[in-house]
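Morning, everyone. I have one structure to show today. Let me put it up.

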Amino acid sequence: MYSFTDENQQRYVGKFYRPQRWNQAQLLEDHSFSQHLLDAGVDLSVPLTFDGQTLHTFAGYQ
């Protein structure tokens, strides 16, 4: 994981999954569960949504 702060002092954490450790369905299930916990009042970070997606790929990493 990588933590950074943008120009507006908003803090973000970038997480990269090791290739072939989890499949796409498992990763999306994890993202959905995280959102469910947040909706239930648990204070945690959840994946950001861009263009309706929470899982993205860069240089072979999701």
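This is a predicted model: local features need pLDDT of at least 70, side-chain atom pairs count only at pLDDT 80 or more; totals for chains, interfaces and linings use all residues.

The protein chain has 1 helix and 2 strands. Along the sequence, the order is β-β-α. Take the principal axes, and the C-alpha atoms fill a box of roughly 35 × 30 × 20 Å.

Next, contacts. Take pairs in the protein chain that are at least 6 apart in sequence: 32% of those contacts join residues at least 24 apart.

On to burial. How much of the protein chain is buried? Of its 62 residues, buried ones make up 11%. The chain exposes about 5,400 Å². Carbon and sulfur atoms supply 50% of that area.

So which residues form a nonpolar patch on the surface? Tyr2, Phe16, Phe58 and Tyr61 do. Together they have about 510 Å² of accessible area.

Look at Phe58 in that patch. Phe58 sits in the segment after helix H1, which runs 24-39. Is Phe58 buried or exposed? It counts as exposed because its relative accessible area is 61%, and the cut-off for exposed is over 50%.

That's my tour. Over to you.

Key
Residues are numbered from 1 along each chain as its sequence is written. Side-chain values use heavy atoms; hydrogens and water are left out. Patches are made of residues with over 30% relative accessible area and no salt bridge: like charges are joined within 9 Å, nonpolar side chains (Val, Leu, Ile, Met, Phe, Trp, Tyr) within 5 Å. Accessible areas come from the Shrake-Rupley method with a 1.4 Å probe; for residues, only the protein chains shown count as cover. A salt bridge is a side-chain nitrogen of Lys or Arg within 4 Å of a carboxyl oxygen of Asp or Glu. Helices (H or I, at least four residues) and strands (E, at least two) are DSSP runs, numbered from the N terminus. Buried means under 20% relative accessible area, exposed over 50%, partly exposed in between (1.4 Å probe, protein chains only). Contact means heavy atoms within 4.5 Å.
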